[in-house]
Amino acid sequence: MKLALAIASAIILIVHGLVFYDQFFHKWERHQTAYFDQARTQARNDAERAELSDRSPKIEQIIVTQFGDNRVDRCTTCHLAIDDPRFKDHFQPLKTHPYSAALGDVQRNGRWERRHKFTDFGCTVCHDGQGRGLETEYAHGNDEHWNDPLTGYVTQANWRKEFKTHLVGKEYMEANCAQCHTEENFPGTPHVNRGRELFFRTNCYGCHKIEGLSEGTLAPELSEAGHKFKIDYLWESIVDPRANLATSFMPKFNLSDEDVKCLVVFLKSRRGVNFAETSLARYRTRMSPAKAEITPEAVLNKAVPKAADLVSQGKQLFEDRACTACHKLGEKDGGIAPDLSFEGKLKDEEWLRDHFRTPRSRVPDSIMPAFRFSDSDFAALTAYLASQQAGAKLADGAEIFKTLCSRCHGDKGDGQGKTAYYLDPAPRDLTKRAFMNSKPDDRFIKSITDGVPGTSMPAWGKTLSDEQVHAVLGYVRTTFVKEPQRNLKAHANVPDANPTPTSKASVANGEATFLKRCAGCHGLKGDGKGPNSLDIVPRPRNLRNRWFVTTLNDRRALESILYGVQGTAMPSWIDYGLTVKDAADLLNYIRSLNPPPAPAPAAGKTIATAGTSPRGTE
Amino acid sequence: MSENHHHDKPGNSRRSILSWFTGAALAGSAAISALANLVFLKPRATYGQPSRYSIGKPDDFPSGTRISLDSRRVCVVREGQKLAVISTICTHLGCTVGVSDTGFACPCHGSRYDQDGNVVGGPAPKSLAWYKVSLAPNGDLEVDTNLPVDQGTYYNL
């Protein structure tokens, strides 16, 4: 018993001793003692030596009160010699902070003078890390939960191995320089400048918003990306967008490592905070409306050298602006947006121009952002796309389908091609027999030949011959539908043209019926986004798609209303007591939702492409 | 060992050694804890400005000038190659005194000091403090407000 007590008390004594040692004997004291010793050997006179002997190790700190929000940096507790030029060749932590003309330091009478004095600015303002930390691990931010580890020097243990080697280097500190040096072309921050240019040139601004720079709404806002994310997360998100968010539809831009680094440094500089400002000043800036902005136009208009003719200039722009991050052209395929390889044949210049300016003016549910290029850039891009005249040499239906259709409709014809997720309306599921067998071949031939206006289905008739169109339809029927077409009979009671001329009373009646019967799926506004629409595949038709509705013929519309659309959720409304007259009123209402467009803008605003147009005659 | 009395039975002796050892170890633990608590009472760092700071290069203070550094609350006096740093904190109630032609004058209650900081009028009880000046290795002048020096102690450049 006594023995056990003695052992226990010995253990208690040892533990107490260890805790005491751990808490009251510090590494930094050893560093400071080493500094005093070495400084004493280098002292020039006795007075200096005596003074050094007077000093004992203590926590050194820089308290910054005159520069932005107050800042406490105890880095000098270990790095005691940062301002002592005699230690310039010493190893860390007792090494002189390098003097650099690039940082604004000047040499006067053989002595360097710092532009950014440590007592005025502190350390963490440039280096990040944790200023109050007194142990390497804490101070340098090795901990995986510390958001801003020592920039360019520390890579945390949980960072992905592939990127780790890229995330080291002084250039990452430029992100902090740019906190205060916000000028557009500040010479001290070349990586930030290049990153900002890339932000515009690779069209990041189309989707992402950064306060004062861009207004994209499609993707997450990046105004405070540098404040929220570590550099490894930023790098990973650019290189491999789906690594962190499986549903992300951000394209892979295939940028060089150097370009990614510039973008990371630029994004890291977006902290939503200027270090030089106090919270109060920041609040005032935010409240004052007029703020100098760097517009995309300002950056983009000088980013690309102008080539000799419009087409090659367009080609240059097309490559420079990363269009193939989403679109396909030739070998490059972003896998998000439509194939542009045959654009010159499929679309006319007016269509292209309108679509560039406001993508939704031609495909109302398009997700393509409206990029803010100059008129001349749009003209060049239009000219370039219009020059994509290469007709594909395609032997049989299978090859045509594989080359032209499968990118959206899928290799299996199930409407699940790689771009399908991004298209609205979604590509038709060609394996759905109920639908495929309830429509006459004429309808499909027409859809292939003339395309479906207001959607991403182009008019393939412009590049395929009639035989080819028939061949591909035959291929679809034999490969995907796999069932002989039933003998279709046209419904005798459906008139070819709308029997009721449009009138206020008819439209009002149609609206009443619409709200009662249709709004549940097609939505109160008729935009196809009613409360039930989320459970329905294919999605209810957007009845405010002007291009679709105006080209829809009366007979097809009335037939769809009265007898439903087989293979979809659209029921046969004649079975629910709707008459031909009701359907006609409904059609009048739907047409009234899509008034003809306002007259074209003044002639002066159209782009002058005459003369340089490469578009041939067909 | 003084507590280790001689006993007849050897077991008793071993027992007393063990109890002596236990007592000593526990007392040692208590002493360490007490010491730790005592050390803990004195803060290792406070959020005041450091007592030792740089005031700039000697060239920033031309000969014959008396420059008041408001953020540090000191006045730098240079005469030829002699330099001194005098506190501008009034010894009466701690206002920052202004530099005047005759010396220093406090705006709060009218204390007046001469060029060397001696009281010449007003409620101030003591003369102004002089601080130790030294030259840092990088050529900056350093002041340590923890080390007051006698009046008239100049630093020779």
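Q: Is Glu174(A) buried or exposed, and why?
A: This is a predicted model, and in it Glu174(A) counts as buried because it has 26 C-beta neighbours inside 10 Å, where 20 or more are needed for that label.

Q: Where does Glu174(A) lie, and what does it touch?
A: Glu174(A) lies in helix α8 of chain A, which covers residues 174-180. Leaving aside residues up to four places away in sequence, Glu174(A) touches Thr189(A), His191(A), Val192(A) and Val265(A).

Q: And how far is Glu174(A) from Gly133(A)?
A: Counted along the sequence they are 41 residues apart, while in space 23 Å lie between the C-alpha of Glu174(A) and that of Gly133(A).

Q: Let's turn to the largest nonpolar core: which residues touch the most other members?
A: That core has 30 residues, and those touching the most other members are Leu234(A), Trp235(A), Leu263(A) and Val264(A). The elements of chain A that give two or more residues to this core are α8, α9 (190-201), α10 (204-207), α12 (231-239) and α13 (257-268), and α13(A) gives the most, with 7 residues.

Q: What does Leu234(A) touch, then?
A: Not counting residues up to four places away in sequence, Leu234(A) touches Ala225(A), Phe229(A), Val264(A), Leu267(A) and Lys268(A). There is also a second, separate core of 21 residues, which includes Leu83(B), Ala84(B), Trp130(B) and Leu141(B).

Q: Stepping back, how is chain A divided?
A: Chain A is divided into domain 1 (23-138), domain 2 (157-287), domain 3 (304-386), domain 4 (397-481) and domain 5 (504-593). Taken over C-alpha atoms, the centres of domain 2 and domain 5 of chain A are separated by 46 Å.

Q: What about helix α1 of chain A: how many residues has it, and which are buried?
A: Helix α1 of chain A, residues 2-24, has 23 residues and reaches 33 Å from its first C-alpha to its last, close to the 33 Å expected at 1.5 Å a residue. The buried residues of α1(A) are Ser9(A), Leu13(A) and His16(A).

Q: Now the contact between the chains: how many residues does each one give?
A: The contact takes 25 residues from chain B and 25 residues from chain A. On the side of chain B that touches chain A, the elements giving two or more residues are α1 (10-41) and β1 (52-56) of chain B, with α1(B) giving the most at 13 residues. That side of chain B divides into 13 nonpolar, 10 polar and 2 charged residues.

Q: Next, strands β2 and β3 of chain B: in which sense do they pair, parallel or antiparallel?
A: Strand β2 (residues 66-69) and strand β3 (residues 74-79) of chain B pair in the antiparallel sense over 4 bridges, and Leu69(B) stands opposite Val74(B) in β3(B). Their hairpin has 4 residues between the strands, and there Arg73(B) takes a positive phi near 60°.

Q: And the sheet that holds β5 of chain B: what is its strand order?
A: It is an open sheet of 4 strands in the order β5-β6-β7-β8 (chain B), with antiparallel pairing. The edge strands, which each pair on one side only, are β5 (98-99) and β8 (119-121) of chain B.

Q: How many bridges join β5(B) to β6?
A: There are 2 bridges between β5(B) and strand β6 (residues 103-105) of chain B, which run antiparallel, and Gly98(B) stands opposite Ala105(B) in β6(B).

Methods
Residues numbered from 1 in each chain as written. Chains lettered and ligands numbered in written order. Predicted model: local features only at pLDDT ≥ 70, side-chain atom pairs only at ≥ 80, totals over all residues. Contact = placed C-beta atoms within 7 Å. Nonpolar A, V, L, I, M, F, W, Y, C, P; charged D, E, K, R; others polar. Domains from an automatic or database assignment. Pairing = 2+ DSSP bridges. Expected span 1.5 Å × (residues − 1). Buried ≥ 20, exposed ≤ 12 C-beta atoms within 10 Å, placed from the backbone. Core = buried A, V, L, I, M, F, W, Y, C linked by C-beta atoms within 7 Å.
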